[in-house]
Amino acid sequence: MNDQIAIPCVVMRGGTSRGPFFLARDLPADPRSRDAVLLSVMGGGHDLGIDGIGGGNAVINKVAIIGPATVPGADVDYLFAQVRVREGIVDTSPNCGNMLAAVGPFAIEAGLVAATADRTHVRIHNVNTGKLIDATVATPGARVTYEGEARIDGVPGTAAPIELSFPNAAGARTGRLLPTGRPVDRIEGIDVTCIDAAMPVMLVRAADLGWTGREAPSDFADSGFRARLENLRIEAGRLMGFPNSATMVIPKPVLIASAGEATLNTRYFMPHDCHGALAVTGAVAIATACVTPGTIAADMVGPLAPPVPITLAHPSGQLVVRLEPGPVARVQRTARRIFEGHVFARRSHVPHSVLAA
């Protein structure tokens, strides 16, 4: 119908994130060609992604690529991509637990997983980390439902609950819960905890950087603070085994503070902008730090051990991580299918090898 490349696509909200979902078979298998297509689709090279379906915030510049499972015991593969539209970069180093909430419903409706009456369990292989995650999706009458009474902070209204279960989340990218071998490291005179559980993060006491941990995301616009936080993050990444973390979105920096109404106050960065809520994988890491002796989080909250709920306050409310022996971390999310059809990539942006295929 026109001179662009039409690609089947479903736009979904997963938790407090949103982005396009693709079947792996509809995208190039070669990573460079795939990333070129994603940048064209999302509008890479512009702060607002104006020439695509991306936006001006990291939580809506996310992509999920779903295909048949390639490892034993899984139902589907899920590759997550964080598109940095401003810089024109596609980063597949992290996982995203919010987008993960929509993988189960998408897989069922795409025919990759057969629905069962009442609830359907989907075992998801996260290609980014190699970890398996279990999702439980409401399917009354063996049909996905999005309407329900579950509410999550950061999303208006209610929807059907989706439970995510992260077994053995430690060492998602580094292979170790404490990648540096220490619960506390000192970088530029600041104590930090480098921990890897579902997501590699760097925890910092908010007060040590002059904050309360209760600020609005827009309060962190100061360029001097951002540069300092980025320097800490890059050095933490080096200590965790990521020598090129300046070009990656991991580790994620997190400011933490004591909270009367919750276990901790958190301000989570992605990695340069403060999240308006909280990443699920980041929440699992923070909660795990709360029960890991010697970390700055554990020192703040006092002795805790599974089974225990960890309530994390964020700019939009709270997120609860239920830690259970195993170890297993459970989080409740919701999702919604928003749009389905075709999204277009510009031919001038796509390698000739893809066009010839």
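Helix α1 (residues 31–42) comprises 12 residues and spans 16 Å from its first C-alpha to its last, close to the 16 Å expected at 1.5 Å a residue; the expected span is 1.5 Å times one less than the number of residues. Helices (H or I, at least four residues) and strands (E, at least two) are DSSP runs, numbered from the N terminus. The model is predicted: local features need pLDDT of at least 70, side-chain atom pairs count only at pLDDT 80 or more, and totals for chains, interfaces and linings use all residues. Residues are numbered from 1 along each chain as its sequence is written, and side-chain values use heavy atoms, with hydrogens and water left out.

Of the 12 residues of α1, 10 are buried, so the helix is largely enclosed by the rest of the structure. Buried means under 20% relative accessible area, exposed over 50%, and partly exposed in between (1.4 Å probe, protein chains only). The buried residues of α1 include Arg 34, Asp 35, Val 37 and Leu 38. Just after α1, Gly 43 adopts a positive phi of about 90°.

Strand β1 (residues 5–14) is likewise largely enclosed by the rest of the structure, because eight of its 10 residues are buried. Two strands pair if DSSP finds at least two bridges between them. β1 pairs with strand β17 (residues 335–345) in the antiparallel sense over 10 bridges, and with strand β2 (residues 17–23), also antiparallel, through five bridges. Val 11 has a bridge partner in each of these strands: Phe 339 in β17 and Pro 20 in β2. The hairpin of β1 and β2 has two residues between the strands, and Gly 15 there takes a positive phi near 60°.

A search of the whole structure finds six aromatic pairs. Rings of Phe, Tyr and Trp (its six-membered ring) pair if their centres lie within 6.5 Å; planes under 30 degrees apart count as stacked, over 60 as edge-to-face and the rest as tilted. The ring centres of Trp 211 and Phe 220 are 4.6 Å apart and the planes lie at 55°, so this pair is tilted. Phe 220 also forms a tilted pair with Phe 225, at 5.6 Å centre to centre and 35° between the planes. Trp 211 is buried, with a relative accessible area of 19%, and Phe 220 is buried at 0%. Phe 225 is buried as well. Trp 211, Phe 220, Phe 225 and Phe 269 together form one aromatic cluster.
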